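The sequence and structure come first.

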Amino acid sequence: MIKARVTVTLKNGVLDPQGKAIEGALGALGFDGIGHVRQGKVFDLQLETADKAKAEAELKAMCEKLLANTVIENYSISLA
Amino acid sequence: MKSAVVQLPGLNRDRDMIAALTKISGKAPVTVWQTETEIPDVDLIVIPGGFSYGDYLRCGAIAARMPVMQAIKSKAEQGVRVLGVCNGFQILVEAGLLPGALMRNASLKFVCREVKLEVVNADTDFTRAYAKGQVIRSPVAHHDGNYFADAETLKAVEGNGQVVFRYAEGTNPNGSINDIAGVMNDKGNVLGMMPHPENLIEVAHGGSDGRGIFASALDVIAA
């Protein structure tokens with residue numbers, strides 16, 4: 001079994017109103033010098049295979065088909 | 001003209017849409033459930049608004065991968081008219097039938113109010129009942145209607161006349177780029193829009209500004 005983590009983030013240049021709001025809230029809490037806050041998503045998955053190459057190929061397909069909207073988002077895959 | 005309304009778990013504007021299509025065309029639309037792989041022979045397919053799959057993952061993302069969407073894609077390729085309203089618009093962009101993406105409103109708030117729409121392109125299957133530049137009223141109700149497209153896509157969409165509606169008179173409720181409220185595909189037979197024209201079609205609604213979209217798409221424009 002392989003454990004994997006997929007991280008999905010907004011592409012550069014895509015406006016992130018939630019990131020902006022979080023940045024403002026951090027400033028209001030007294031955290032100075034914070035900039036460029038971007039919000040993303042993390043998916044933890046388990047795959048019933050021992051084949052890392054196969055797992056990576058499958059995870060890539062999952063990202064392309066569902067987990068990320070590649071119009072606005074990038075993704076990265078890491079295997080435990 | 002015959003029409004169909006798509007139904008998915010979490011969509012809740014289907015009944016309003018069925019009522020609007022029935023009143024305007026005189027014929028009740030057929031309903032198509034998400035697991036259907038074939039769509040009956042119709043001239044217009046409508047994906048109504050709501051919160052399909054609870055807006056989980058991204059609005060419209062899961063609905064866009066349901067079997068019925070493959071059937072809608074092939075109908076769209078054959079030239080059948082497809083209209084997506086609100087969540088229906090989100091589903092169409094997630095399915096890749098329309099360019100761009102719909103993101104969280106710039107205000108981060110759900111907006112439920114009336115806006116003004118400029119008919120940017122009146123030479124389409126969906127807007128022939130209007131005049132170019134005409135400003136119409138329309139209700140909106142959404143949390144994720146902030147239209148985004150990268151610079152290259154935006155240039156193409158604007159250049160090809162694919163922007164059908166813009167929020168007019170400073171009423172942009174969500175931060176959409178270039179005030180875009182509705183876009184169509186380059187072939188011109190698939191339209192997505194965040195506003196709800198089905199909720200402004202008769203006196204009981206306080207106006208009928210939205211009627212023209214259905215009258216155009218169903219070819220029932222009064223002479």
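Between chain A and chain B there is 1 salt bridge. The model is a predicted one. The salt bridge joins B:Arg58 to A:Glu73, with 3.6 Å between the closest N and O atoms. On the chain A side of the contact with chain B, at least two residues each come from α1 (17-28), β2 (41-47) and α2 (52-67). Sorted by class, this side of chain A consists of 11 nonpolar, 3 polar and 3 charged residues.

The contact involves 17 residues of chain A and 14 residues of chain B. About 1300 Å² is buried between the two chains, and carbon and sulfur atoms give 67% of this area. Polar contacts between chain A and chain B, with both residues at pLDDT 80 or more, number 5 residue pairs.

The cysteines are next. Over all chains, the count of disulfides is 0.

| Cysteine | Nearest cysteine sulfur | Distance |
|---|---|---|
| A:Cys63 | B:Cys59 | 19 Å |
| B:Cys112 | B:Cys86 | 10 Å |

A disulfide requires two cysteine sulfur atoms within 2.5 Å. A:Cys63 is in no disulfide, since the nearest cysteine sulfur, in B:Cys59, is 19 Å away. B:Cys112 is likewise in no disulfide, with the sulfur of B:Cys86 10 Å away.

Are these two cysteines buried or exposed? A:Cys63 has a relative accessible area of 0% and is therefore buried, whereas B:Cys112, at 62% relative accessibility, is exposed.

Methods: Residues numbered from 1 in each chain as written. Chains lettered and ligands numbered in written order. Predicted model: local features only at pLDDT ≥ 70, side-chain atom pairs only at ≥ 80, totals over all residues. Heavy atoms only, no water. Buried < 20%, exposed > 50% of the residue type's maximum accessible area, 1.4 Å probe, protein only. Contact = heavy atoms within 4.5 Å. Buried area = accessible area lost by both parts, 1.4 Å probe. Salt bridge = Lys/Arg side-chain N within 4 Å of Asp/Glu carboxyl O. Polar contact = N/O pair within 3.5 Å; in protein donor to acceptor, adjacent residues only side chain to side chain. Helix = DSSP H or I, 4+ residues; strand = E, 2+ residues; numbered from the N terminus. Nonpolar A, V, L, I, M, F, W, Y, C, P; charged D, E, K, R; others polar.
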